[in-house]
Amino acid sequence: MEKNQEDLWFLEYASLFIKGYNLCCRWANAKHTTYANILLLMELYVRQECEAGELADRMYLPRQTMTYMLDSLEKDGYIYRMSHPTDRRRKVIRLTDRGTAFTKETMEELGSEFLGFTQNLPHDKEIILTVVKDFVEELERKLAFPKECRDS
């Protein structure tokens, strides 16, 4: 393949990723939050509880940014912080009832959209997930992120 064609393919893939992200941000904005906040809430929904540092590492965000996000979500009534059972200096974050309901509704909406989209594809949706996951894992390796940040 010619270099120019490779550049065009790269541009198309990169553009699709950023367009997808920006569309998700617009969708989240219509829900009066951010896409990052939705992803954070989904992490908490799946894990049931987590510490701020763990969330920051999993989302590749600076801890200061995570603190700001958690403060905002706590103010909006979506999460609460409680003392860690063995170390009072640490905090465990959990969803409130409001946060759980919002996150469940959001995940159902996203799942419905994704399932509706993938039903029309000739391939198995697992292929899409595997390809995107492999791409992200390769970026993680190349950017030398610590293994504990990469584990999902």
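This is a predicted model: local features need pLDDT of at least 70, side-chain atom pairs count only at pLDDT 80 or more; totals for chains, interfaces and linings use all residues.
To get oriented, start with the whole chain. Read from the N terminus, the order of elements is α-α-α-α-β-β-α-α-α. If we look at contacts in the chain with a separation of 6 or more, 45% of them join residues 24 or more positions apart.

Now for the first pair of helices. Two packed helices are described by the angle between their axes and the distance between the axes. Helix α2 covers residues 35-47 and helix α3 covers residues 52-59; their axes come within 11 Å and cross at roughly 120°. Angles from 65 to 115 degrees count as roughly perpendicular, and α2 and α3 are therefore described as oblique to each other. The crossing of this pair is right-handed. On the α2 side, the contact is built from A36, L39, L40, E43, L44 and R47, while α3 brings in L55, R58 and M59. Sorted by class, the residues of this α2 and α3 contact come out as 6 nonpolar, 3 charged and no polar ones.

E43 sits in helix α2, and with a relative accessible area of 18% it is buried, because the cut-off for buried is under 20%. Setting aside residues up to four places away in sequence, E43 touches L55 and R58, and both of these belong to the α3 side of the contact.

Next comes α3 with its other helical partner, α4. These two helices pack at an angle of about 115°, and their axes are 9 Å apart. That angle makes α3 roughly perpendicular to α4. Here too the crossing is right-handed. From α3, the contact draws on A52, G53, L55, A56, D57 and M59, and from α4 on R63, M66, M69 and L70. The class count for this α3 and α4 contact is 7 nonpolar, 1 polar and 2 charged residues.

So which residues of α3 are buried? They are G53, L55, A56 and M59. Around the helix axis they cover an arc of only 160°, so they lie on the same side of α3.

Leaving out neighbours within four places in sequence, A52 is in contact with M66, L70, K91 and I93. M69 is 17 residues away from A52 along the chain, and the C-alpha atoms of the two are separated by 9.9 Å.

That leaves the pairing of α2 with α4. The angle between them is about 80°, with the axes 11 Å apart, which makes α2 roughly perpendicular to α4. In this contact, A36, N37, L40 and L41 of α2 meet M66, M69, L70, S72 and L73 of α4. By class, the α2 and α4 contact holds 7 nonpolar and 2 polar residues, with no charged ones.

Finally, a few backbone angles stand out. Most residues other than glycine have a negative phi, and most peptide bonds are trans. In the loop between α1 (3-30) and α2 lies H32, whose phi is positive, near 65°. Is H32 buried or exposed? It is exposed, with a relative accessible area of 72%. Further along, the loop between α2 and α3 contains Q48, which has a positive phi near 75°. Q48 counts as exposed too, at 60% relative accessibility. Just after α3, Y60 takes a positive phi of about 55°.

Note on methods: Residues are numbered from 1 along each chain as its sequence is written. Side-chain values use heavy atoms; hydrogens and water are left out. Axes are lines fitted to C-alpha atoms, for helices over the stretch in contact, and angles run from 0 to 180 degrees between N-to-C directions. Helices (H or I, at least four residues) and strands (E, at least two) are DSSP runs, numbered from the N terminus. Angles under 35 degrees count as roughly parallel, over 145 as roughly antiparallel, 65 to 115 as roughly perpendicular and the rest as oblique. A crossing is left-handed if the near helix is turned anticlockwise from the far one by less than a right angle, and right-handed if clockwise. Contact means heavy atoms within 4.5 Å. Ala, Val, Leu, Ile, Met, Phe, Trp, Tyr, Cys and Pro count as nonpolar, Asp, Glu, Lys and Arg as charged, and the others, Gly among them, as polar. Buried means under 20% relative accessible area, exposed over 50%, partly exposed in between (1.4 Å probe, protein chains only). The arc is that of the directions from the helix axis to the C-beta atoms.
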